[in-house]
Amino acid sequence: MTGRLAPGEMARLWQVLTRADLVLICLLGLGTAGSFLHQQLGSQVGAEVVVEMDGEEKGRFPLGPPLKVSIEGGLGISEVEIGPGGARFFSAPCPHGICVRQGWVRRQGETVACVPNRLILRIVGSTGETGMDAISR
Amino acid sequence: MKGMSAREVARIGLLSSAAVILFVLEGLAPRPLPWMKLGLGNLPVLVTLLIHGVGAAFGVSGVKLLLGGLLSGSLGGPAFVIGAGAGWASLLVMAVSRRVAGGRFSPIGLSILGASTHQLAQLLIAQFYVGHIGLLSLLPLSLLSGLFSGGLIGLLGFWICKKIEMEEYPPKEPRG
């Protein structure tokens, strides 16, 4: 912070924002919109949910008749609720419960990750397609 | 830290404690959505970077992470590692782009850069813990929240820097 600003000057946002700021904001806005559209338009509703722990499959269930399964993770038991409209973590032993709050997923490639309990819910198509362009490990 | 006045040391200490307090308080507040956080604890870090430079900012960030981790009980856990990695990555990007761009970014722009880096780094580091997560599926939400939280923190940081500057170098009385 060199150069002093006159009093009241900083209340005016458009004087604060530089051209580089605006370019950055526009790029991020486009990135957000682009990735959102790619996700919404480019993927279809999935057929199955896969539960994984440390990259290994622990279970695979069709998104059909309502079902609740208990899966043992690194911390304890997480309950997964499955229905025709998708899948979600119903309860979890993790401290923040972020996975539970993330709610339902139903599109191919959509994922809910519970980092503390090391469990992942992943929606796939019937052939096991993830609907993603690439998976990096 | 050589060549630092008592005034500067005191202010950096104050900023460090403010960072810890804000970090812990924000951790207690309920979050509207997962992965979404204002990052209030990063406000003092941004202010330190702008006024005292990179070294002091890394110091404040380190104090925030260590004490904040201790107080919230997350020290050493996945959330701590993810937060520390993402926090330092974002600080590094802010410091480098500030040096390279030389004032072309306002504090708001810098903060948005930092927040976006924080979000991306967070997703990348989380992948190491859970094998892989659908990076793409979380990307829009992450970028958007980085844009808003970064913008807000940047604006607040700018205000605070301005206040501190006015106190350090009070403007001359208007004539007449």
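In the predicted model, strand β1 (residues 48–53) of chain A pairs with strand β7 (residues 119–124) of chain A in the antiparallel sense, over 6 bridges.

A:T111 is placed opposite A:R122 of β7(A). Between β6(A) and β7(A) the hairpin has 4 residues, and A:R118 takes a positive phi near 55° in it. Taken together, 4 strands of chain A form an open antiparallel sheet in the order β2-β1-β7-β6. Strands β2 and β6 of chain A are at the edges, each with a single partner strand, so one side of each lacks a neighbour in the sheet. From one strand to the next, the twist averages 15°.

The burial of β7(A) was examined next. Of the 6 residues of β7(A), 6 are buried, so this strand is largely enclosed by the rest of the structure. Both of its faces are covered: A:L119, A:L121 and A:I123 are buried on one side, and A:I120, A:R122 and A:V124 are buried on the other.

A:E110 lies in the loop between α3 (98–102) and β6 of chain A. A:E110 is buried, because 27 other C-beta atoms lie within 10 Å and the threshold for burial is 20 or more. The C-alpha atoms of A:E110 and A:L17 are separated by 36 Å, these residues being 93 apart along the chain.

A second open sheet in chain A consists of 3 strands in the order β3-β4-β5, with antiparallel pairing. Its edges are formed by β3 (67–72) and β5 (86–91) of chain A; each has a single partner strand, so one side of each is left without a neighbour in the sheet. Neighbouring strands of this sheet are turned against each other by 30° on average, direction ignored. Strand β4 (residues 77–83) of chain A is joined to β5(A) by 5 bridges, the two running antiparallel. Among the residues involved, A:E81 has A:R88 of β5(A) as its bridge partner.

The domain assignment of chain A gives domain 1 (9–42) and domain 2 (48–124). The C-alpha centres of these two domains of chain A lie 33 Å apart. The largest nonpolar core has 67 residues, and those with the most contacts inside it are A:A87, A:C99, A:C114, A:L121, B:A19 and B:V60. Domain 1 and domain 2 of chain A both contribute residues to this core, so the core lies between them. In soluble globular proteins, nonpolar side chains tend to be buried together. With neighbours within four places in sequence left aside, A:C114 is in contact with A:G73, A:S78, A:F89, A:A92, A:C94, A:C99 and A:L119.

The buried residues of α1(B) are B:I12, B:L15, B:S16, B:A18, B:A19, B:V20, B:L22 and B:F23. These buried residues of α1(B) pack against α2 (42–52) and α3 (54–72) of chain B. One of them, B:A19, is among the residues with the most contacts inside the largest nonpolar core.

Helix α4 (residues 78–101) of chain B has 24 residues and reaches 34 Å from its first C-alpha to its last, close to the 34 Å expected at 1.5 Å a residue. Within α4(B), the residues B:A79, B:I82, B:G83, B:A86, B:G87, B:S90, B:L91, B:M94 and B:R98 are buried. Just after α4(B), B:G102 takes a positive phi of about 50°.

Key: Residues are numbered from 1 along each chain as its sequence is written. Chains are lettered from A and ligands numbered from 1 in the order in which they are written. This is a predicted model: local features need pLDDT of at least 70, side-chain atom pairs count only at pLDDT 80 or more; totals for chains, interfaces and linings use all residues. A nonpolar core is a set of buried Ala, Val, Leu, Ile, Met, Phe, Trp, Tyr and Cys residues joined through C-beta atoms within 7 Å. A residue is buried if 20 or more other C-beta atoms lie within 10 Å of its own, exposed if 12 or fewer, and partly exposed in between; C-beta atoms are placed from the backbone. Domain bounds come from an automatic or database domain assignment. Two residues are in contact if their C-beta atoms, placed from the backbone, lie within 7 Å. The expected span of a helix is 1.5 Å times one less than its number of residues. Two strands pair if DSSP finds at least two bridges between them. Axes are lines fitted to C-alpha atoms, for helices over the stretch in contact, and angles run from 0 to 180 degrees between N-to-C directions.
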